Amino acid sequence: MTTLVQGFSKSLAITVLSEIGDKTFFAAAILAMRHPRRLVLSGCLAALIVMTILSVVVGWAAPNLISRKWTHHITTMLFFGFGLWSLWDGFMESGNDEELAEVEAKLDADWKDNTKTVKEGSKDDDDLKKKSRPFLTQFFSPILLKAFSITFFGEWGDKSQLATIGLAADEDPFGVVLGGIVGQALCTTAAVLGGKSLASQISEKIVALSGGVLFIVFGIQSFLTPVEF
């Protein structure tokens with residue numbers, strides 16, 4: 001029970017501090033301003049849950065392929081590495097306005113292309129599609145799929161994903177999954193409900209520095225913890 005709680009708390013803290021102010025956080029906030037929040041939230045959460053589970057599975061399988069001693073040391077180095085990386089980003093970060101503007105510009109270009117395509121399409125064809133597939137359209141909406149794909153590929157290879165893999169290799173995988181999902185749900189819900197106004201008020205510098213300190217603390221704890229065989 002103790003290892004599950006420890007895995008949960010570490011995963012929750014790392015996820016929240018890694019995801020707040022992230023590009024996918026900004027993307028969810030901007031998408032929610034232009035599309036139904038329910039679809040955006042569903043798509044983003046689905047992608048993040050799938051990504052979290054995949055990451056934990058990889059981390060859980062690692063000790064079966066590599067010795068527990070090596071996975072423990074690798075995880076420790078990852079914590080220190082991500083800590084220094086986050087601290088560097090925090091000290092060098094001038095603000096999140098540029099990143100927010102970059103994400104918004106990309107989504108604007110994509111939105112204009114989609115709007116042009118829709119206008120060029122036939123209205124009769126659209127009505128026919130809506131009548132023939134109302135159930136599938138509801139659950140496989142282009143908006144939902146767009147939110148899913150942007151979030152999934154935006155998180156692939158991200159610092160939070162690699163940290164989750166390392167954490168799952170050294171902690172209880174169920175605790176890591178639960179903590180990651182809860183953390184992702186909190187951040188994504190805040191982004192979708194708060195919108196651009198909330199995203200623009202978040203200090204990415206403070207978040208990066210806080211995350212860096214947290215990673216360093218976890219690295220020290222992992223370094224001082226004896227390896228269990």
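The model is predicted, and helix α4 (residues 68-92) packs against helix α9 (residues 159-170). The axes of α4 also come within 7 Å of those of α11. The chain as a whole has 11 helices and zero strands.

**Overall make-up**

- Read along the sequence, the pattern is α-α-α-α-α-α-α-α-α-α-α.
- The chain has 229 residues, and 40% of them count as buried.
- Among contacts in the chain with a separation of 6 or more, 95% are between residues 24 or more positions apart.
- The accessible surface comes to about 12,800 Å², and carbon and sulfur atoms hold 68% of that surface.

**Helix α4 and its buried residues**

- Thr71, His72, Thr75, Thr76, Phe79, Phe82, Gly83, Ser86 and Gly90 are the buried residues of α4.
- An α-helix has 3.6 residues a turn, so residues three or four places apart point the same way.
- Thr75 lies in helix α4 and counts as buried because its relative accessibility is 1%, under the 20% cut-off.
- Leaving out residues up to four places away in sequence, Thr75 touches Gly166, Leu167, Ala169 and Asp170.
- Thr71 also belongs to helix α4 and, at 4% relative accessibility, counts as buried.
- With residues up to four places away in sequence set aside, Thr71 touches Ala62, Pro63, Ile66 and Ala169.
- Thr71 and Asp170 are 99 residues apart along the chain, while their C-alpha atoms are separated by 7.2 Å.

**Packing of α4 with α9**

- Two packed helices are described by the angle between their axes and the distance between the axes.
- For α4 and α9 the angle is about 150° and the axes are 9 Å apart.
- An angle over 145 degrees counts as roughly antiparallel, so α4 is roughly antiparallel to α9.
- The crossing of these two helices, α4 and α9, is left-handed.
- On the α4 side, the residues that meet α9 are Arg68, Thr71, His72, Thr75, Leu78, Phe79, Phe82, Trp85, Ser86 and Asp89.
- On the α9 side, the residues that meet α4 are Lys159, Leu162, Ala163, Gly166, Leu167, Ala169 and Asp170.

- Helix α11 covers residues 204-224, which is 21 residues.
- From its first C-alpha to its last, α11 reaches 30 Å, close to the 30 Å expected at 1.5 Å a residue.
- The buried residues in α11 include Glu204, Val207, Ala208, Gly211, Gly212 and Leu214.
- Phe215, Ile216, Phe218, Gly219 and Ser222 of α11 are buried as well.
- The axes of α4 and α11 cross at roughly 160°, and the two helices are therefore roughly antiparallel to each other.
- The crossing in which α4 passes α11 is left-handed.

**Met51 in helix α3**

- Met51 sits in helix α3, which covers residues 37-65.
- At 4% relative accessibility, Met51 counts as buried.
- Apart from neighbours within four places in sequence, Met51 is in contact with Phe152, Glu155, Trp156 and Gln161.
- One of these residues, Gln161, is 110 residues from Met51 in sequence and 7.5 Å from Met51 in space, C-alpha to C-alpha.

Definitions and conventions:
Residues are numbered from 1 along each chain as its sequence is written. This is a predicted model: local features need pLDDT of at least 70, side-chain atom pairs count only at pLDDT 80 or more; totals for chains, interfaces and linings use all residues. Side-chain values use heavy atoms; hydrogens and water are left out. Helices (H or I, at least four residues) and strands (E, at least two) are DSSP runs, numbered from the N terminus. The expected span of a helix is 1.5 Å times one less than its number of residues. Buried means under 20% relative accessible area, exposed over 50%, partly exposed in between (1.4 Å probe, protein chains only). Contact means heavy atoms within 4.5 Å. Accessible areas come from the Shrake-Rupley method with a 1.4 Å probe; for residues, only the protein chains shown count as cover. Axes are lines fitted to C-alpha atoms, for helices over the stretch in contact, and angles run from 0 to 180 degrees between N-to-C directions. Angles under 35 degrees count as roughly parallel, over 145 as roughly antiparallel, 65 to 115 as roughly perpendicular and the rest as oblique. A crossing is left-handed if the near helix is turned anticlockwise from the far one by less than a right angle, and right-handed if clockwise.
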